[in-house]
Structure formats: structure tokens, C-alpha cells
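Colleague: Could you take a close look at the strand pairing for me, and go through it slowly?

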Amino acid sequence: MNETRWHDVAEAAAIPDGDIVAALVDGREIGLVRLGEALHAIDATCTHGNASLCGGFVEPDGSVECPLHQGRFDIATGRALCAPLTQDLVVHEVRVEDGRLLVRLRR
Ligand code: FES
């Protein structure tokens, strides 16, 4: 379920291509990712353990690799792609307005 509120989280142009940037949104750590023209917001905490994906690696195939046990998630869908992951990641809704990246959290 989505929140109704949009949070202004960052200057869209400041998010570098192929990298993950941490943002605290309503007390929740979110990872902001640019893949070419597309921007994404994902939960930053790995579903396998207590590791932040913001310390992980964005791969050329559009996945992010957890720094602790190398589980990989698809950034656009949150789908868990390999062991040891068994649970998908929550992805959040994004939009850009006047150059600002807005995020609507999914609970
Ligand atoms: S904590 Fe992320 S794969 Fe284990």
C-alpha cells in the first residue's frame, strides 16, 4: 500500500548514473538510484540481514548487490535475483517535479 504523501528527497540531477545514494525519508533509509534516464527509490535495508544496500554495488544489468553476502535485487522491481535472498525488496514510487525527485513510500 502506498502512502498518499510525496516526499521531496533530492535534486534529481545530483543522483549519479549507476550509483546508489542514501536518503532518510520519514525515518526510513531509502536508496536512490539512477539507471540512465530512469530514477528509482528502493528500501536500503537488505531483506536477508542487517546490511545497507547503500554500501553495495549497482551492476550494469540494473541490479544492486548487497555488500554482506552478495545477494542481488532488481532495482526496478525489487525482485530477489539469487541466493541467499528469499524475499523481494520494497520499491517506492518516484516522480520528478521542477528538477526535484519526489518519493511516495510503499508501506
Ligand atoms: S545481508 Fe544482504 S545478502 Fe545477506
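Modeller: I would begin with A41, whose bridge partner in β8 is H92. The strands concerned are β4 (residues 38-43) and β8 (residues 91-97), which run antiparallel and are joined by 2 bridges; two strands pair if DSSP finds at least two bridges between them, and strands themselves are DSSP runs (E, at least two residues), numbered from the N terminus. This is a predicted model, in which local features need pLDDT of at least 70 and side-chain atom pairs count only at pLDDT 80 or more, while totals for chains, interfaces and linings use all residues. Residues are numbered from 1 along each chain as its sequence is written, and side-chain values use heavy atoms, with hydrogens and water left out.

Both β4 and β8 belong to an open sheet of 6 strands, ordered β1-β9-β8-β4-β3-β2 with antiparallel pairing. At its edges are β1 (7-11) and β2 (20-25), each of which pairs on one side only, and from one strand to the next the twist averages 35°, the angles being taken between N-to-C directions on a scale from 0 to 180 degrees, with axes fitted as lines to C-alpha atoms.

A further open sheet is formed by 3 strands in the order β5-β6-β7, again with antiparallel pairing; its edge strands are β5 (57-58) and β7 (72-74), each pairing on one side only. Here 2 bridges join β5 to the antiparallel strand β6 (residues 63-65), and V58 stands opposite V64 in β6.

How values were computed. Helices (H or I, at least four residues) and strands (E, at least two) are DSSP runs, numbered from the N terminus.
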